[in-house]
Amino acid sequence: MASVKTTESLFGITKNQNEIKKYTLSTSDGFEVALINYGATIQSIRQPDKNNQTTEITLGYDNLQGYIDDKCCFGCTIGRVTNRIKNGRFEFDGVVYDLPKTDSTTKHYLHGVFNKRVWDSSTENGDTVVFKYQSPDGEGGFPGRVNVTVKYTLTSDHRLILDFRATTTKPTPINMTNHVYFNLAGDASGSVLDHQLMVPAKNFIVLDEELIPTGEIASVENTPYDFRTLTRIGDRINESFDGFDMMFIVDGDGKRSFGKLLHEQSGRAITIESTQKGLQFYTGNFLDGVKGRNGAIYNKHGALCLETQNYSDSVNNQPVFPSIILDPDEEYHQQ
């Protein structure tokens with residue numbers, strides 16, 4: 001059985017003289033995950049293929065400045081609320097909260113500020129990295145002081161466990177995820193259209209032309225969104241806004257299967273389990289020649305994201321969508 005070890009190094013220093021640390025979790029048989037405490041970010045995942053050739057399979061940058069300038073959220077922790085909130089506004093208990101309008105149209109909120117923060121960091125048990133951040137009351141327009149902990153644990157059989165916890169001093173929306181971009185052929189290998197995807201979802205959330213939920217939930221049957229069996233992404237992509245950026249609803253409670261991603265040529269695959277409600281599937285539609293690590297150029301459809309989370313714009317679609325409001329006497333906990 002492979003064992004896991006952790007090493008620590010300096011990744012960079014911010015203009016405010018904060019040290020950004022890099023933690024590398026690795027198994028003795030060649031699987032490796034690198035994390036940095038800027039944005040509690042997955043900086044790298046390296047995995048052997050069927051011929052035991054190890055390749056980088058995520059998008060990212062070589063240095064800290066890349067992550068400071070990053071607009072794609074490569075590998076980072078997203079919060080307080082992931083995905084879009086219509087018009088950058090929601091109402092709760094009679095109070096209207098205005099949020100930064102940060103999506104590509106500058107009409108809507110998208111993703112939040114956790115990815116641009118320096119997190120406290122430490123290691124546990126030789127196989128876990130712990131990131132902690134205290135979000136001040138009002139940060140990003142949201143109420144309440146929120147304490148967040150994100151743990152990454154690598155097991156000897158190549159499971160990467162992401163554990164999210166949060167508490168708050170006031171009722172506030174919380175819906176976190178990780179925004180890692182995968183290309184199982186290698187980060188500089190081109191498009192992911194030859195990847196195959198399976199998601200055990202009967203339904204999806206209907207979006208308008210600005211990628212905002214309409215409040216409707218529809219069946220995947222006879223749509224481009226039916227991935228209930230392994231399906232080549234390229235066979236469906238032109239039927240869906242010339243790329244996917246949508247949410248599957250995965251029925252059930254507790255930790256359960258959210259599907260599988262396969263790249264047959266390399267022999268690499270990912271299986272996903274989560275305690276969340278949905279899976280955001282995004283095919284890098286807005287990648288436009290981003291310069292990544294080792295001079296790689298990341299273009300449209302050059303990677304994909306599989307982000308487990310609660311429903312997008314849930315705060316504006318009550319009571320149809322599940323609530324994402326965390327109360328002071330509760331703990332947010334998702335894996």
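This is a predicted model: local features need pLDDT of at least 70, side-chain atom pairs count only at pLDDT 80 or more; totals for chains, interfaces and linings use all residues.
Is Lys107 buried, partly exposed or exposed, and what is its relative accessible area? Lys107 is partly exposed, with a relative accessible area of 42%.

**Salt bridges**

The count of salt bridges comes to 17. One of them joins Lys107 to Glu210, where the closest N and O atoms are 2.7 Å apart. Lys107 belongs to the loop between S9 and S10, while Glu210 belongs to the loop between strand S18 (203-207) and strand S19 (213-219), so this bridge ties together parts that are 103 residues apart in sequence. Glu210 is partly exposed, and its relative accessible area is 23%.

A further salt bridge is formed by Arg84 and Asp103, with 4.0 Å between the closest N and O atoms. Because Arg84 lies in strand S7 (residues 84-85) and Asp103 in the loop between strand S9 (95-98) and S10, the pair ties together parts that are 19 residues apart in sequence. Arg84 is buried, at a relative accessible area of 7%, and Asp103 is buried as well, at 4%.

Arg293 and Asp187 also meet through their side chains in a salt bridge, at 3.3 Å from N to O. This pair links distant parts of the chain, 106 residues apart: Arg293 is in the loop between strand S25 (290-291) and strand S26 (297-298), and Asp187 is in the loop between S16 and S17. Arg293 is buried, with a relative accessible area of 5%, and Asp187 is buried, with 10%. Together with Glu56, these two residues are linked in a network of salt bridges.

| Salt bridge | N to O distance |
|---|---|
| Lys107 and Glu210 | 2.7 Å |
| Arg293 and Asp187 | 3.3 Å |
| Arg84 and Asp103 | 4.0 Å |

**The surroundings of Asn183**

The loop between S16 and S17 also holds Asn183. This residue is buried, its relative accessible area being 0%. Beyond its neighbours within four places in sequence, Asn183 is in contact with Glu56, Ile57, Ser189, Gly190, Ser191, Val192, His195 and Gly302.

**Aromatic pairs**

For aromatic pairs the count comes to 23. In one of them, the ring centres of Tyr109 and Phe142 are 5.7 Å apart and the planes stand at 85°, so the pair is edge-to-face. The two residues come from distant parts of the chain, 33 residues apart, with Tyr109 in strand S10 (residues 109-110) and Phe142 in the loop between strand S12 (128-135) and strand S13 (146-154). Tyr109 is buried, with a relative accessible area of 2%, and for Phe142, likewise buried, the value is 2%.

Tyr181 and Tyr282 make another edge-to-face pair, their ring centres being 6.1 Å apart and their planes at 75°. Since Tyr181 lies in the loop between strand S16 (177-178) and strand S17 (196-198) and Tyr282 in strand S24 (residues 278-282), the pair ties together parts that are 101 residues apart in sequence. Both residues, Tyr181 and Tyr282, are buried. They belong to one aromatic cluster together with Phe11, Tyr61, Tyr67, Phe74, Phe286 and Tyr298.

A charged residue also meets a ring in this model: Arg236 lies over the face of Phe227, at 5.5 Å from the ring centre.

How values were computed. Residues are numbered from 1 along each chain as its sequence is written. Side-chain values use heavy atoms; hydrogens and water are left out. Rings of Phe, Tyr and Trp (its six-membered ring) pair if their centres lie within 6.5 Å; planes under 30 degrees apart count as stacked, over 60 as edge-to-face and the rest as tilted. Helices (H or I, at least four residues) and strands (E, at least two) are DSSP runs, numbered from the N terminus. Buried means under 20% relative accessible area, exposed over 50%, partly exposed in between (1.4 Å probe, protein chains only). A charge sits over a ring if NZ of Lys or CZ of Arg is within 6 Å of the ring centre and within 35 degrees of the ring normal. Contact means heavy atoms within 4.5 Å.
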